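User: I should like to learn how to read the features of a protein model. Please take me through them one at a time.

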Amino acid sequence: MNNASRRIACAILLSAFASVPALAEVKLPVPAYDQSAVAKRGYFYVGGKYVGEGENRIMAGQMYVEVLVPKKVRMPYPLVLIHGAAQTATNWMQTPDGRKGWADYFVEQGYVVYMVDQPARGRSAWHPNIDGALRTFTAQTIERQFTAPEFYKGWPQAEKHTQWPGSGEKKGRMGDPIFDQFFASQVQSLASDIETQERMMAASAALLDRIGPAILVTHSQSGMLGWVMAEARPKLVKGILTIEPSGPPFENAVTSTTKARPWGLTDIPLAYDPPAQKPEDLKPVKQDKPDRADLVRSTSPAGATDRS
């Protein structure tokens, strides 16, 4: 292209751009939100090891990590955000109805934020014949347990559920655009809690070794993973905020022959003081519900007579 042709092409482009509205006025056809508090972002992988023989070696157990750095870091420790069942790090980035997620909120407060995809999930590769079986939640399961329990009336207080965004008769159910967006984000996850915790223990140790001391924020299924991470690197975990953790601790603690969560908070061993060598060394005690007379006596002034 000669100089004259370049000048003509440049003039055409400039005239085309002159008709485009200012960037601030552009309305996107998809949800987007302000990220002006973010100075840097990136991603990396931690953990994992090569498995296989000869020409068939691959890496397994690695964990995807995304990092957001504020323009001004005001908090002494970063946050590590760990998603719940069937989710990935996108769970922290944006709500299904397009609002800003927790990750950007915490960046605005001055935290460095790390978000992970649990091993063998999402951008952390799952490999057949190496990783275990997967589970998938159906749309009806998500509706019933999370987004529209008031429709199914599965328990006495289900009708009080009001916080899922949206409106109309399809709110929180298939066919509602907000629900459909949320369900589209669901991914397969390891069926075994034991395998999940073992892989997370190894990968999180590598993460904390790399980034240093941090505060963990866990949610739902990942509630147990905070304790696993603290077990792996107790000196590097400065706090654990667990939101709606799966549980409760010692879930179904005693059945006829098995324990659903044998180590109380987790399915794999934790360090207790005094030490427990096996799950049977733990002796959970269930507090008896006091009768009404006991409650009255404990709350009545000295010498008062119960007139109920």
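**The cavity and its surroundings**

Analyst: Gln 118, Pro 119, Arg 121, Ser 189, Leu 190 and Thr 196 line the largest cavity. On a 1 Å grid over the protein atoms alone, a cavity is a set of points where a 1.4 Å probe fits but cannot get out, and lining residues have an atom within 4 Å of a point. The model is predicted: local features need pLDDT of at least 70, side-chain atom pairs count only at pLDDT 80 or more, and totals for chains, interfaces and linings use all residues. Residues are numbered from 1 along each chain as its sequence is written, and side-chain values use heavy atoms, with hydrogens and water left out.

User: How many cavities of 30 Å³ or more does the structure hold?

Analyst: A volume is the space filled by probe spheres set on the grid points, which are joined across faces, edges and corners. The structure holds 1 cavity of 30 Å³ or more, and the largest cavity contains about 40 Å³ of space.

User: Which strands pair with β3?

Analyst: Strands are DSSP runs (E, at least two residues), helices are runs of H or I (at least four), and both are numbered from the N terminus. Two strands pair if DSSP finds at least two bridges between them. Strand β3 (residues 79-82) pairs in the parallel sense with β4 (residues 113-117) over 4 bridges, and β3 also pairs in parallel with β7 (residues 214-219) over 4 bridges. Leu 79 has Val 113 of β4 as its bridge partner, while Val 80 stands opposite Leu 216 in β7.

User: Are the faces of β3 covered or open?

Analyst: Buried means under 20% relative accessible area, exposed over 50%, and partly exposed in between (1.4 Å probe, protein chains only). Both faces of β3 are covered, with Leu 79 and Leu 81 buried on one side and Val 80 and Ile 82 buried on the other.

User: Which residues of helix α3 are buried?

Analyst: In α3 (residues 139-147), the buried residues are Ala 139, Thr 141, Ile 142, Glu 143 and Thr 147. Their cover includes α4 (149-152) and α5 (177-184).

User: Where does pLDDT stay under 50?

Analyst: pLDDT is the predictor's confidence in each residue, from 0 to 100. Where it is low, the predicted coordinates should not be read in detail. The chain has a mean pLDDT of 88, but pLDDT stays under 50 over residues 253-258 and over residues 299-308. Counting a contact as heavy atoms within 4.5 Å, the model gives residues 299-308 2 contacts beyond four places in sequence.

How values were computed
On a 1 Å grid over the protein atoms alone, a cavity is a set of points where a 1.4 Å probe fits but cannot get out, and a pocket is an open set with protein on both sides within 12 Å along at least five of seven lines; lining residues have an atom within 4 Å of a point.
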